[in-house]
Amino acid sequence: MTTPPPPAGQEPPAGSPYPGQYGYPHPGPPVQYGQPIQYGQPIQYGQPIQYGPPAVVEACAFHRDRQTALHCTRCGRPACPECLTQASVGFQCRACVAEGRAAQRAPLGVTGARIGQQPIVTFTLIGINVLVFLITAVQARSGTDLTPSAVYRDGLLAPTLVASGQFWRLLTGGFLHASVVHIALNMLSLYFLGLPMERILGRARFLVVYLLALLGGSAAVMLFAGELTPTIGASGAIFGLMGGLVVVFKRFRYDMKQLLFVLAINLYLSFQLSGISWQGHLGGLVVGAAITAAMVYPAQAIRRRVQIGAAVGLLVLIVVVILLRDTQIAVRCTELTQTDFLGCSGG
């Protein structure tokens, strides 16, 4: 049972639960603005009640022409609503949000690469190939017959010239092309195969797969092509990316029917059409698939060691094969010059 308040203008009885109610005179100074109300002090009628200190208005730290009473809960900077982002606790300014994002580590994929990295190596390789082709075309003053170009002649892959000590041809031959159609087809293939592979493997691992596949194609040319059959083109490395993509599809259990169909057609054309180096295609395919398997299959605990070990092991194997083949070629061929290699097999 509750006790009703006494009529206005009368003192509350002793023990009343209504001390300090409106209309009861109590001694003490009137309440000042900005000060909390203390029981036992009269309230001035018609005046707003303020329960704390007035808000301090400051300029936004990012927009000096805007006033705000809001602050970042992390650093305390004054910030307008546009510059604040809701966080797990309170709101943070744009500077603290950017700092927090920079400190966060991007999640890693199955190969150890950062998820969400934008492809750079693919476009760089395309640019290098196109630049080299333009240089050779300008030197030869032709887009179809590039044999007059010094860069073309000094860079093409010729087993006999490699056996004589010009080992750079194992790499430079993969950046030369015989015509506009040749480079256009290879660069389109590199674009469509390189972008997904680089996103999956990461930039560094993708570059390792590409270069090892290129060298693997060159080693196959040294083994199975004639000593006087020069080869040029990036398709050995591109077939390596195609083989690597098959391994990736197998690893993630994707539907491989269309990919295998495209691969089968390309292999068939490699063996049926003249002027195409099936040796480079086959060597690049095998090496690309092998190194990609080492990138995507190992468990996380041993992933890095397996990837490095496989890359180094394949490189050593390629070098050994090339050196052994060089010895065999050197026994049969002793005096050959660059003028013997004016026609090339495209790769």
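Predicted model: local features only at pLDDT ≥ 70, side-chain atom pairs only at ≥ 80, totals over all residues.

Student: How many helices and strands does the chain have?
Tutor: The chain has 11 helices and 6 strands.

Student: And what share of the residues is buried?
Tutor: Of the 347 residues in the chain, 39% are buried. The chain exposes about 19,900 Å², and 63% of that area comes from carbon and sulfur atoms.

Student: What part of the contacts links residues 24 or more positions apart?
Tutor: Among contacts with a separation of 6 or more, such pairs account for 61%.

Student: Let us turn to helix 8. Which residues does it cover, and what span should it have?
Tutor: Helix 8 comprises residues 235-252, which is 18 residues. At 1.5 Å a residue, the helix should span 26 Å; the C-alpha atoms at its ends are 25 Å apart, so the two values agree.

Student: Is helix 8 mostly covered or mostly exposed?
Tutor: Mostly covered: 14 of the 18 residues in helix 8 are buried.

Student: How does helix 8 pack with helix 9?
Tutor: Two numbers describe such a packing in general: the angle between the axes and the distance between them. For helix 8 and helix 9 (residues 257-272), the angle is about 150 degrees and the axes are 11 Å apart. Angles over 145 degrees count as roughly antiparallel, so helix 8 is roughly antiparallel to helix 9. The crossing of the two helices is left-handed.

Student: Which residues make that contact?
Tutor: Helix 8 contributes Phe239, Met242, Leu245, Val246 and Phe249. From helix 9 come Leu259, Leu260, Leu263, Asn266, Leu267 and Ser270.

Student: What follows helix 8?
Tutor: Arg253 follows helix 8, in the loop between helix 8 and helix 9. Arg253 is not a glycine, yet its phi is positive, at about 60 degrees.

Student: Is Arg253 buried or exposed?
Tutor: Arg253 has a relative accessible area of 79%. The cut-off for exposed is over 50%, so Arg253 is exposed.

Technical notes:
Residues numbered from 1 in each chain as written. Heavy atoms only, no water. Helix = DSSP H or I, 4+ residues; strand = E, 2+ residues; numbered from the N terminus. Buried < 20%, exposed > 50% of the residue type's maximum accessible area, 1.4 Å probe, protein only. Contact = heavy atoms within 4.5 Å. Areas by Shrake-Rupley, 256 points an atom, 1.4 Å probe, with all protein chains shown as cover. Expected span 1.5 Å × (residues − 1). Axes fitted to C-alpha atoms, helices over the stretch in contact; angles between N-to-C directions. Parallel < 35°, antiparallel > 145°, perpendicular 65-115°, else oblique. Left-handed = near helix turned anticlockwise from the far one by under 90°.
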